[in-house]
Amino acid sequence: VNIVFFSVAVSLRLVLSGKISVELPEPIHKSAFSSIYDPAQLRTSQANIILTGFESNSELKLAVAFDFSAKSTTDIEVVQDETALFLNLPLFHDGPHSILVQVLDSSGSVLADSKAEFEVREGWNNGNLRDEDCDLCEFTTDWIKEHIPSWNSLLTEFMLPPKSHWTEIQNASGFDLLEIGSWEGRSAVWFAQRLHLRSLTCVDTWRGGEDHANWQWSNVLPLIERRFDHNLGAAGLPESLEVHKRRGSSYEVLPELLADGRRYDMVYVDGSHTPHGVAFDLVQALHLARAGGLVLLDDYRYSDGVQAIAQAVVAAHTQPESDPFLEVISEGKQLAVRKRREIAAHNWATWTVS
């Protein structure tokens, strides 16, 4: 696999005189890192932007264009004499590239701008983040690595038998897993390779969510679904595993699954990161899980609002204390709860988010 890596430690200085300096050091090669999964390697996809000389509390816009792409803008606010921002660079192929950065006022007039040329060669960021269990998979992010140690203990009941390779399991029995939010299939591949699954249902729009609706992801999103399809095919999953891809918003797909009578032994919730979206997905997940099933919520501490609404939903379902619907298994960056019994219809109506 040809892996492309480049240095993106960029410093952009924006001043009132309209002058911007762009510093682009030489590309850093992959050999400079001890591991392809080194978090420091992933952070090199950020450029540092420093605004100096602008009036505090002024509202400006930052406009960015890569190569010959259309210019995209985002609102910024200067809060002190020197304001530091960061920029997630998109995925580049090998060769020369350019970046155009502008600072605009509220009317759209350009206050400062600069264009810089740089070269990409030999390293990360072309969509080929290596997976030790899937040489042909293409991943641009690895958001699950930090959770794997806890998954190895939390998901023991779903794991394949010890010392048995997952491709050797031939019987039709197994677990049904629903994943809400699949992105490029990184977690789906991990689950399918390590858990004794009968079916895997993946729900996603493959257009990104509210937290991707900006220029930082503009060059990434068009390839997300293609990478998901490729990765599920490249993982070499057994023919006995039923994989169901459901394209659409969770607001549309999850009620359809519930109405169709679908139920799952495990539901992994990693979709919307808004409090409203998390509330909806979590409530639906609780009802789509079978009695005795596990519901795992990712990014539980994403924001105070997300954590508060998740706690409220769980609290409503852990009453009465003598016979609660749910049991909290673990709380950390992810929240794990077990559904002890079916949830009453009146409780379902109370927590439906429209």
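The expected span of a helix is 1.5 Å times one less than its number of residues. A quick word on names: helices (H or I, at least four residues) and strands (E, at least two) are DSSP runs, numbered from the N terminus.

Before we go on, this is a predicted model, where local features need pLDDT of at least 70 and side-chain atom pairs count only at pLDDT 80 or more, while totals for chains, interfaces and linings use all residues. Residues are numbered from 1 along each chain as its sequence is written, and side-chain values use heavy atoms, with hydrogens and water left out.

Okay, the overall picture. The chain has 8 helices and 17 strands. Of its 354 residues, 48% count as buried, and buried means under 20% relative accessible area, with exposed over 50% and partly exposed in between (1.4 Å probe, protein chains only). Contact here means heavy atoms within 4.5 Å. Take the contacts between residues at least 6 apart in sequence: 69% of them join residues at least 24 apart.

Now to H6, residues 275-288. How far apart are the end C-alpha atoms of H6? They are 20 Å apart, which agrees with the 20 Å that its 14 residues should span at 1.5 Å a residue. And 12 of those 14 residues are buried, so H6 is largely enclosed by the rest of the structure. Among the buried ones are Phe280, Asp281 and Gln284.

So who are the neighbours? Two packed helices are described by the angle between their axes and the distance between the axes. Axes are lines fitted to C-alpha atoms, for helices over the stretch in contact, and angles run from 0 to 180 degrees between N-to-C directions.

Start with helix H7, residues 304-317: its axis and that of H6 come within 9 Å and cross at roughly 30 degrees. That makes H6 roughly parallel to H7, because angles under 35 degrees count as roughly parallel, over 145 as roughly antiparallel, 65 to 115 as roughly perpendicular and the rest as oblique. H6 passes H7 in a right-handed crossing; a crossing is left-handed if the near helix is turned anticlockwise from the far one by less than a right angle, and right-handed if clockwise. The residues making this contact include Val278, Leu282 and Leu286 of H6 and Val306, Ile309 and Val313 of H7. They divide into 10 nonpolar, 3 polar and no charged. For that count, Ala, Val, Leu, Ile, Met, Phe, Trp, Tyr, Cys and Pro are nonpolar, Asp, Glu, Lys and Arg are charged, and the others, Gly among them, are polar.

Next comes helix H5, residues 250-259, which packs with H6 at an angle of about 15 degrees, with the axes 10 Å apart. H5 is therefore roughly parallel to H6, and H5 passes H6 in a left-handed crossing. Among the residues that meet are Tyr251 and Leu254 in H5, and Phe280 and Gln284 in H6. That contact divides into 7 nonpolar, 5 polar and 1 charged.

Last stop, a couple of loops. Trp183 lies in the loop between S11 and H3, and Trp183 has a positive phi of about 55 degrees although it is not a glycine. Buried or exposed? At 11% relative accessibility, Trp183 counts as buried. Asp299, in the loop between strand S15 and H7, also has a positive phi of about 55 degrees, but Asp299 is partly exposed at 25%.
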